[in-house]
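Please examine the sequence and the structure shown below. The briefing after them is arranged by topic.

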Amino acid sequence: MFGVTVKTDSIESVKSINKIASGCEGNVDATTGRYSVDAKSIMGLLSLNLNRGVHLSTNSLEDFKLICERLKSEKIEILQIDTDFASV
């Protein structure tokens, strides 16, 4: 599992996260606290508590790399990166 926690300080950043997740081939989950939704669902993202940031996770290394590249290009602040290379 590969994951990244990002700062969500505006609706625009949430829209960007949704666009980034939608561009991935595999599943991308968005989690805050104990709630997890499909990051490709804008309604799901908007249902989360966005004040604490959002943890995005995927099982695909390729999707993880794509997510990190696009987050940087969209200037979305990355708070933490989690990787589990044992699953590769």
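Predicted model: local features only at pLDDT ≥ 70, side-chain atom pairs only at ≥ 80, totals over all residues.

Residues are numbered from 1 along each chain as its sequence is written, and side-chain values use heavy atoms, with hydrogens and water left out.

**Nonpolar core**

- The largest nonpolar core has 22 residues; such a core is a set of buried Ala, Val, Leu, Ile, Met, Phe, Trp, Tyr and Cys residues joined through side-chain atoms within 4.5 Å.
- Buried means under 20% relative accessible area, exposed means over 50%, and partly exposed lies in between (1.4 Å probe, protein chains only).
- Val-6, Ala-30, Leu-56, Ile-67 and Leu-71 have the most contacts inside this core.
- At least two core residues come from each of strand 1 (2–6), helix 1 (11–22), strand 4 (54–58) and helix 3 (61–73); helices (H or I, at least four residues) and strands (E, at least two) are DSSP runs, numbered from the N terminus.
- Ile-67 is in contact with Val-4, Ile-20, Cys-24, Val-28, Leu-56 and Thr-58, when its neighbours within four places in sequence are left aside; contact means heavy atoms within 4.5 Å.

**Hairpin of strands 2 and 3**

- Strand 2 (residues 29–32) and strand 3 (residues 35–38) run antiparallel and are joined by four bridges; two strands pair if DSSP finds at least two bridges between them.
- Two residues stand between the strands of this hairpin, where Gly-33 takes a positive phi near 60 degrees.
- Thr-32 stands opposite Tyr-35 in strand 3.

**Cysteines**

- A disulfide is a covalent bond between the sulfur atoms of two cysteines.
- The structure holds zero disulfides, the criterion being a pair of cysteine sulfur atoms within 2.5 Å.
- Cys-24 is buried at 4% relative accessibility, and Cys-68 is buried at 11%.

**Salt bridges**

- The whole structure contains two salt bridges, each defined as a side-chain nitrogen of Lys or Arg within 4 Å of a carboxyl oxygen of Asp or Glu.
- One of them joins the side chains of Glu-77 and Lys-7 (3.8 Å, N to O).
- Glu-77 lies in the loop between helix 3 and strand 5 (78–83) and Lys-7 in the loop between strand 1 and helix 1, so this pair ties together parts that are 70 residues apart in sequence.
- Glu-77 is partly exposed at 44% relative accessibility, and Lys-7 is partly exposed at 37%.
- Glu-12 also forms a salt bridge with Lys-15, with the closest N and O atoms 3.6 Å apart.
- Glu-12 and Lys-15 are separated by about one helical turn because they are three residues apart in helix 1.
- Glu-12 is exposed at 51% relative accessibility, whereas Lys-15 is partly exposed at 45%.

- Ser-57 belongs to strand 4 and is buried at 9% relative accessibility.
- Not counting residues up to four places away in sequence, Ser-57 touches Met-1, Phe-2, Gly-3, Asn-27, Val-28 and Asp-29.
- Thr-32 belongs to strand 2 and is buried, with a relative accessible area of 5%.
- With residues up to four places away in sequence not counted, Thr-32 touches Leu-48, Asn-49, Arg-52, Gly-53 and Val-54.
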